[in-house]
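I opened this notebook to keep a record of what I looked up, one topic per entry.

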Amino acid sequence: INLFGSGSPSAEAIAYVTGAPTQETLIKLDAGGLSLQGDPWTLPAGDVSVALGVEARREWQQSTAGALDTAGAFRSFSHASMFGAFRVKEAFGEILVPLVRDVPGLNKLEFNAAARISDYDTTGSIWSWKAGATNEFLPGLRARATRSRDIRSANLTELFTTALTGWNNVADPLTGQTVQAQVISGGNPGLTPEEADTTTFGIAWTPQFTEGLDISIDYFDITINDVIMSLGVQEVVNRCARGNQVLCGRITRDANGSIELIRSTPVNLAQYKTDGIDAEILYTFPAARLVPSAGGRVQWRALATWINALTTDDGEVKLSYVGSQGSAFSGPG
C-alpha cells in the first residue's frame, strides 16, 4: 500500500488492508409435546398428583462466514461457517405423594419424584431423575431434601463447528524433536452428555409474627462428570506421552514415528465438584406503607452464596478455585 502521492492510497489498496470479520447465523428450534396430569388416587394425607408426558424437539443452526473470513484474510481472528442439527425425543413422569398430615412435627410430609428418558440422535438415550421429600414441622417452618441425576448434552457449536486446519510447532516428548504438525480444530460429534449428581437440603421459614417475610437456607453438593473441555495442542501431546490413550488416538504419526496430525477438538475429560450454601431473604409489603396513596406492593430481596469448595479434576490436573477469580472450565495448555 502506498500512502504517498496524489490519489494514494488506491481504492484497491484500501480494500486490501481493511475489512471486518462477519458471520450470519440462523438458529431454529422446533418443539412439541403432550402431557397429562391429575390426581388419580386419594390417601389419608391427601391426593396423589401424577404427571406424564412426551416431548420432541429439533435444534438447527447454520452459520455463514463472510468472504474475507473464508479466505483467511485476518491475522488474528476469522469466523468459520458451520451447519449442524440434532433431534431429541423425551418421555417423563412426575409424582407427588402426601404421606402424613396434621401430626405434631409432621404437619405436611410429602414425597416427590420424577424421571425423564432423553433419546438424542447424536448420542443415544440417557436417564435423568430426582427424588425428594418436604415436611412442615411447625406452621411456616418447612424442610426439604432432594437427590437428582442431571444431564447436559453438548450444544451445536461443541458438536458441529466446522473443522479448521492450521499448523503448530509441537515438542514431542517421545522423539525429543520439535516438529511442525498439522492441527485440526472444530467440533466433535462424538461428545457424550455431561452427567451431574446433585444433593440439596435446607429449610424455609415464613414467620407467623410478621406478614410478607420469607427466609430460606439450602446446602448443595454437586459433582459433574464427563465435563466437556478443550486442551491445547501441546497439552494433547504431553498427556499422550504420559499414557493417556484416549488423547493418543487424536495424534497421527508417520512411518518414522514423527507427528503428522493432531486433532484438537472438545473432549469429555474433566470432573467438576462444588458445595456450599445458598441463602435468601424476601420481604413483601404494601407500597402504601411508604406512600399512602400508592397502590401495588414493594418487594425487597437479598441473596447470598457461600462456596465451601469448587474444584476441577481432569485426571492429571486438579485445580481449586475458591478464593480465586476466573473461569473453571477452560482446559490447561
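The entries below go from strands to salt bridges, then to the core, the surface and the backbone.

**Ground rules.** I note that this is a predicted model, in which local features need pLDDT of at least 70 and side-chain atom pairs count only at pLDDT 80 or more, while totals for chains, interfaces and linings use all residues. Residues are numbered from 1 along each chain as its sequence is written, and side-chain values use heavy atoms, with hydrogens and water left out.

**Entry 1, strands.** I took helices (H or I, at least four residues) and strands (E, at least two) as DSSP runs, numbered from the N terminus, and I counted two strands as paired if DSSP finds at least two bridges between them. Strand β1 (residues 23-43) and strand β2 (residues 46-65) run antiparallel and are joined by 19 bridges, and the hairpin between β1 and β2 passes through two residues. I looked up L29 and found that its bridge partner in β2 is E59. Strand β3 (residues 82-103) is also antiparallel to β2, with 15 bridges between them, and here E55 stands opposite E90 of β3.

I used the term for a side-chain nitrogen of Lys or Arg within 4 Å of a carboxyl oxygen of Asp or Glu. How many salt bridges does the structure hold? I found 14 salt bridges. E90 pairs with R116, with 3.2 Å between the closest N and O atoms; because E90 lies in strand β3 and R116 in strand β4 (residues 106-120), the pair ties together parts that are 26 residues apart in sequence. For burial I used relative accessible area (1.4 Å probe, protein chains only), with buried meaning under 20%, exposed over 50% and partly exposed in between. E90 counts as buried at 10% relative accessibility, whereas R116 is partly exposed at 23%. I also noted that E55, R57, E59, E90 and R116 are linked in a network of salt bridges.

A second pair is D172 with R253, whose closest N and O atoms are 2.7 Å apart. D172 lies in strand β7 and R253 in strand β11, so this pair ties together parts that are 81 residues apart in sequence. D172 is buried, at 4% relative accessibility, and R253 is partly exposed, with a relative accessible area of 27%.

A nonpolar core here is a set of buried Ala, Val, Leu, Ile, Met, Phe, Trp, Tyr and Cys residues joined through side-chain atoms within 4.5 Å. The largest one has 22 residues, of which V170, V236, V237, I251, I259 and I262 touch the most other members. The elements that each supply at least two residues of this core include β8 (177-185), α4 (233-241) and β13 (267-286), and α4 gives the largest share, four residues.

Is α4 enclosed or open? Seven of its nine residues are buried, so α4 is largely enclosed by the rest of the structure. Taking contact as heavy atoms within 4.5 Å, I found that the cover over the buried residues of α4 includes β7 (164-172), β11 (251-253) and β12. I251 touches V236, V237, C240, I259 and L261, leaving aside residues up to four places away in sequence. One of the buried residues of α4 is E235, which is at 13% relative accessibility and meets R242 in a salt bridge (3.6 Å, N to O).

T70 belongs to helix α2 (residues 67-70) and is exposed, with a relative accessible area of 61%. The C-alpha atoms of T70 and L36 are separated by 50 Å, the two residues being 34 residues apart along the chain.

The peptide bond from S8 to P9 is cis, with omega near -10°, and P9 lies in the segment before α1. D102, found in strand β3, has a positive phi of about 60° although it is not a glycine, and D102 is exposed at 65% relative accessible area. D226 in strand β10 likewise has a positive phi, near 60°, but D226 is partly exposed, at 34%. Just after α4, G243 takes a positive phi of about 110°.
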